[in-house]
Amino acid sequence: MWLLAIVALGSIHNGKCDNDTVEASVKLLIDNLLEGGDYDSSIRPSTSATMVSIDIALNALGPVNDRDMKFGASFYLRQEWLDSRLKYNELNTSIVLSYKKLSMIWVPDVFFPQSETELRHDITTPNVLLRLSPEGRVFYSQRISVEFHCVMNLRKFPMDEQTCEIRMESYAFTTDDIQMQWSSGRQSLNVLPNANMPDFELLSVTTHDCTATYATGTFPCLYAKLILKRQIGFYLTQTYIPSILIVSLSWISFWIDHQAIPARISVGLLTVLTITTQSSGAMTQLPRVPYVKSIDVWMSACLIFVFAAYMEYAVVTVLARRHRKQNMSIKHKDATKENGSTTSGVFNNAFNNDEMFTTGRTHASRSRSKSVISLKLDGTTDLGVKLDKISRHGFPLAFLLFNAFYWTYYNLTT
């Protein structure tokens, strides 16, 4: 029993010594590579162009700011290159260095030319991975969040697709100093499952080379192209459906009697003011672009429909008033002529009986013809009422045709 305990304690002691030996060896190796030798972190690994392999793991995407034309992204940026000055033979495994050693190693000067704000995460410690391989290969990974500028075409908003880019360049080193390429050993741009947005759908991601020549030289450049399709569900519930209901509400006035002036005026003003307020609210979320957007066409058409329904009542009122005046004028003329005919008949009693009989018959026939004409005029159709009946079917049909054209055009055009 005692023998087993002594053996166990000896094993534990030997294991601890082995661990201490390995840790001491790693510390000594790092000190020799970075501090004890001639390593200079301000000098490139070799006189020829250093090849830097880059890949990105997209961790989060969004939000997309339409007004300022920018979008945010959080991702793991991984870079890998060969630095022969950091080769070692003492160990057969890779060494993970502390982020504190980062300033002691040469790293590529990659930057994002289209970024507006940048953040490297430091909680709970700086999110940096630095690993050395025995052959001198350096693997450098960091988690960063960047807000990129993205020029958007909002002509089809909110049924639009946007193309945004994540662009990376070397700031100081030209293509004679370093070369940048997308990683061949790992996926160039890997979209993680949780990288989604509530208002956009990520349709596709492609990677490209964008090496550009400036006045100061030719600099290496890589970029990833992201195609985003906007989800219309929010705008259906917040803009389109309410505006359709407001336009439909304006048609109620066609069923209200045109003599009910307060009711029809209230409905017309309510719909016009409501659609104007809704249009102003929708425009505040968008930039002031010089072209017409899809949402502009929709809100303008809705405003025209409700304004036309309001103006229709003005036309109905004018036609109804004109109809009443015509009827009153005809009645007045008939009454005047009837009184005049009765007076002349009294004076004609002085004539002979034959002439009186003839005149009486003539007067009676004229009176009957005038009465028939008056009845026909009194029974003429009120054009105001007729216009209301036509509008009850004409306005919904016109709005339905507009919807068919609008949704077909903006969903089929590219």
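These are my notebook entries on one protein structure.

**Entry: the model**

I opened a predicted model.

**Entry: disulfides**

I began with the cysteines. A disulfide is a covalent bond between the sulfur atoms of two cysteines. I searched the whole structure and found two disulfides.

I took the pair Cys 150 and Cys 164 and found their sulfur atoms 2.0 Å apart. Cys 150 sits in the loop between β7 and β8, and Cys 164 sits in strand β8. The two residues are 14 apart, and this pair links distant parts of the chain. I read -85 degrees about the S-S bond, and the link is left-handed. I checked burial too: both Cys 150 and Cys 164 are buried.

I turned to Cys 210 and Cys 221, whose sulfur atoms lie 1.8 Å apart. Cys 210 is in the loop between β11 and β12, while Cys 221 is in strand β14, so the pair ties together parts that are 11 residues apart in sequence. The torsion about the S-S bond of Cys 210 and Cys 221 is about -70 degrees, so I noted this disulfide as left-handed. Cys 210 and Cys 221 are both buried.

I wrote down the pattern, counting bonded cysteines along the chain: 1-2, 3-4. I also looked at Cys 302. Its relative accessible area is 0%, so Cys 302 is buried.

**Entry: strand β6**

Next I picked strand β6, residues 128-132. Which residues make up its covered face? I found Val 128, Leu 130 and Leu 132 there. Leu 129 and Arg 131 belong to the uncovered face.

I then looked for the partners of β6. Strand β3, residues 95-97, pairs with β6 in the antiparallel sense over three bridges. In that pairing, I saw Leu 97 opposite Leu 130. Strand β7, residues 137-149, also runs antiparallel to β6, and five bridges join them. Here Val 128 stands opposite Gln 142.

I traced the chain from β6 to β7. The two strands form a hairpin, with four residues between them. In the turn, Gly 136 has a positive phi of about 95 degrees.

**Entry: aromatic rings**

I searched the whole structure for ring pairs and counted 27 aromatic pairs. I noted one of them, Phe 305 with Phe 399. Their ring centres are 5.1 Å apart and their planes meet at 85 degrees, so the pair is edge-to-face. Phe 305 is in helix α4 and Phe 399 is in helix α6, residues 383-412. They are 94 residues apart, and the pair links distant parts of the chain. Both Phe 305 and Phe 399 are buried.

I found these two in one aromatic cluster. Its other members include Tyr 240, Trp 251, Trp 298, Phe 402 and Trp 407.

**Entry: empty space**

Last, I looked for cavities. Rolling a probe the size of a water molecule over the atoms shows where empty space is left. How many cavities of 30 Å³ or more are there? I counted one. The largest cavity has a volume of about 50 Å³.

I listed its lining. Among the residues are Ser 250, Ser 253, Arg 264, Thr 271, Val 306 and Tyr 313. Helices α3 and α4 each supply at least two residues of this lining. By class, I noted five nonpolar, four polar and one charged residues.

Conventions:
Residues numbered from 1 in each chain as written. Predicted model: local features only at pLDDT ≥ 70, side-chain atom pairs only at ≥ 80, totals over all residues. Heavy atoms only, no water. 1 Å grid on protein atoms, 1.4 Å probe; cavity = no way out; pocket = protein on both sides within 12 Å on 5 of 7 lines; lining within 4 Å. Points joined across faces, edges and corners; volume = space filled by probe spheres on them. Nonpolar A, V, L, I, M, F, W, Y, C, P; charged D, E, K, R; others polar. Buried < 20%, exposed > 50% of the residue type's maximum accessible area, 1.4 Å probe, protein only. Pairing = 2+ DSSP bridges. Disulfide = S-S within 2.5 Å. Phe/Tyr/Trp six-rings, centres within 6.5 Å; stacked < 30°, edge-to-face > 60°.
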